[in-house]
Amino acid sequence: MACIAGFSISTGAASRLISGYDSYGNTCGQKNSKIEGVELSGRDQTDNKYVFFLDPCNIDILNRKIKSMALCVSRCPDIELKTYTDVKKFALQNGSELCSYDIPVSKYPSHGERSKKCPKLPVPPSNSLPVFHRCTPVDISCYAQFAEAFVTFVSDNSMLHRVIAGVMASKEIIMGLCVLALVLSIILMVVIRYISVVLVWILTALVVLGSIGGTGVLWWLYVDHKTNLTDQTATSPTPQQQVATDNVQALLVYAIFATVFTVILLLLLFFMRKRVALTITLFHVAGKVFTHLPLLALQPFWTFLSLMLFWVSWLGVLLFLGTAGSPVQSEEAGLVEYRISGPLQYMVWYHAVGLIWISQFILACQQMTVAGAVVTYYFTRNKSELPMTPIVSSMLCLTRYHLGTVAKGSFIITLVEIPRLILTYIHNQLKGKENACARCMLKSCICCLWCLKKCLMYLNQNAYTATAINSTSFCTSARDAFVILVENALRVATINTVGDFVLFLGKVLIVSCTAFVGVLSLNYQRDYTVWVLPLLIVCLFSWLVAHCFLSVFEIVVDVLFLCFAVDTKHNDGSPGREFYMDKALMEFVENSKNMAGRDRPEADGDGREMKPMTHGGGTLA
């Protein structure tokens with residue numbers, strides 16, 4: 001990817017992207033060489049540093065084709081020019097010629113080709129962009145026309161203009177609500193340790209009451225409909241009796257299915273009640289982890305910043321590639337465009353693969369960093385002996401020893417994600433053209449690849465935790481983590497279902513609170529009535545923020561569980577083989593022993609004792 005970036009810069013694509021070029025292949029702000037077959041190419045544009053579009057609102061963004069002629073000018077028009085006489089006066093006063101180079105300034109009002117080679121009237125006032133030297137219209141209505149290319153379902157242009165203007169008018173409120181969502185997410189990560197017990201048991205009670213109540217209602221409806229059907233049959237048979245009979249049979253099937261589901265659910269809750277208690281205990285301990293390692297709350301910031309920097313650089317190189325290559329004159333309008341030909345055109349595809357791989361690599365680095373810090377916290381008996389900054393220590397350990405592990409794990413996800421995206425693209429391209437069988441097969445393959453990706457991501461996360469514990473390679477860590485997960489399958493299922501739902505409720509709580517405050521704030525601003533788009537923006541951002549922060553909390557819970565499983569496997573609490581776990585987890589183990597002796601954690605029998613993680617690559621087991 002570095003070679004691709006170097007190629008695009010060395011071929012002049014970077015200067016063409018930043019400085020811009022006109023429709024004759026001349027790069028603005030510099031001297032140019034002659035292009036064969038293009039008459040007005042090879043001009044000295046040193047004094048003309050800005051790109052001016054004759055029709056700035058006539059750009060086809062979806063097809064990436066510029067329909068408007070572009071010229072290099074020395075100054076963007078800062079006032080509205082209503083006639084060609086005004087265009088002539090502007091050129092004479094400022095030396096900025098807004099018509100094609102082959103039209104003299106004196107002939108602007110009377111030239112026969114002024115409708116094609118001169119700007120469309122009226123010429124809107126424009127300003128140049130800070131970095132990219134393009135004359136951009138000041139009037140927001142032009143941006144609304146750009147938005148219409150993406151928001152095709154909006155048919156009322158005036159409505160779209162009002163919505164965009166409203167977003168600009170309420171930008172302070174939107175920014176304030178986004179900050180509120182950020183604060184609420186951080187508060188919830190600390191407070192959830194105190195409310196996890198209430199949330200879990202309220203959730204369990206609601207599920208049980210809902211299942212029993214729904215089953216009772218179905219049986220009541222079945223008995224009621226059957227009684228009515230018997231009365232109708234005894235009195236006067238009607239043609240609608242067949243429909244009523246079908247309804248009664250359907251209610252019977254639904255009632256039986258609901259009864260079986262409720263019985264199975266109650267049995268699962270009864271046998272997994274202790275595992276639900278483990279989930280609550282892990283949430284409580286995870287809250288303690290955040291109090292001892294407060295920098296964990298900042299981990300989403302560094303991950304988001306890294307992703308943003310990478311995405312911006314990736315997009316910049318992609319734009320460089322879009323302007324790299326040799327000049328080609330289009331047959332339709334005669335405008336010059338730069339295109340890559342031959343094998344080099346496949347660099348874009350390699351660049352796209354790099355987007356997936358490095359994005360997954362950055363997310364894997366976050367998981368590995370969090371896992372290393374939590375593992376250090378868990379396997380340090382005396383918490384006062386923790387490193388001053390376990391997060392920084394974990395990042396240094398990752399950089400020195402485990403970059404290959406996260407690179408291999410993220411590459412495996414990339415190998416699954418690429419065919420899924422290809423199949424999704426094929427499905428979208430063939431929508432409405434393929435037969436039902438092909439559509440079903442494509443959707444099935446996409447769904448299977450998505451499920452495989454989710455399973456591999458979960459296994460990778462636990463493999464990173466095993467690497468942090470034992471400092472082993474990726475494959476060895478993945479095997480060890482898989483064995484532990486299989487041995488604790490019911491616990492894993494409980495933690496993932498109950499824990500994920502509790503975190504989902506937390507996300508809903510943050511979005512609801514932010515939206516409620518947003519409604520009150522927008523209601524206070526009486527001069528703005530279109531609330532839809534600002535509220536959607538706020539809700540979307542608050543959901544993303546809550547997801548980023550609570551995903552770190554979820555990682556901490558998963559890491560604690562794997563540490564707990566390893567701890568109970570290698571230690572039994574006897575002298576010389578004491579547990580490393582927190583007091584809350586210790587109470588859970590003692591309660592399990594008291595309730596049923598057969599639930600006592602099995603010792604490994606090899607006498608090995610866990611040791612705190614060292615930064616020199618030392619093992620924990």
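The following dialogue examines how terms are applied to a predicted model.

Mentor: This is a predicted model, in which local features need pLDDT of at least 70, side-chain atom pairs count only at pLDDT 80 or more, and totals for chains, interfaces and linings use all residues. Residues are numbered from 1 along each chain as its sequence is written, and side-chain values use heavy atoms, with hydrogens and water left out.

Trainee: Why is threonine 405 called buried?

Mentor: Buried means under 20% relative accessible area, exposed over 50%, and partly exposed in between, with a 1.4 Å probe and protein chains only. Threonine 405 has 8% relative accessibility, so it counts as buried.

Trainee: In which helix does threonine 405 lie?

Mentor: Threonine 405 belongs to helix α13, residues 403-429. Helices (H or I, at least four residues) and strands (E, at least two) are DSSP runs, numbered from the N terminus. The protein chain has 18 helices and eight strands.

Trainee: With which residues is threonine 405 in contact, leaving aside its neighbours within four places in sequence?

Mentor: Contact means heavy atoms within 4.5 Å. With those neighbours set aside, threonine 405 is in contact with Tyr464, Thr467 and Phe474.

Trainee: Why does glycine 518 count as buried?

Mentor: Its relative accessibility is 0%, and therefore glycine 518 counts as buried. Glycine 518 is found in helix α16. Its C-alpha atom is separated by 8.0 Å from that of isoleucine 174, 344 residues apart along the chain. Leaving aside neighbours within four places in sequence, glycine 518 is in contact with Leu177 and Leu535.

Trainee: What makes a set of residues a nonpolar core?

Mentor: A nonpolar core is a set of buried Ala, Val, Leu, Ile, Met, Phe, Trp, Tyr and Cys residues joined through side-chain atoms within 4.5 Å. The largest one here has 55 residues, of which Leu296, Tyr378, Val556 and Leu560 touch the most other members. Helix α17 gives the largest share of this core, 17 residues. Apart from it lies another core, of 32 residues, among them Ile35, Val87, Leu98 and Tyr101.

Trainee: Which residues does leucine 296 contact beyond its neighbours within four places in sequence?

Mentor: Leucine 296 is in contact with Val289, Phe290, Val370, Val374, Ile391, Val552 and Val556, once those neighbours are left aside.
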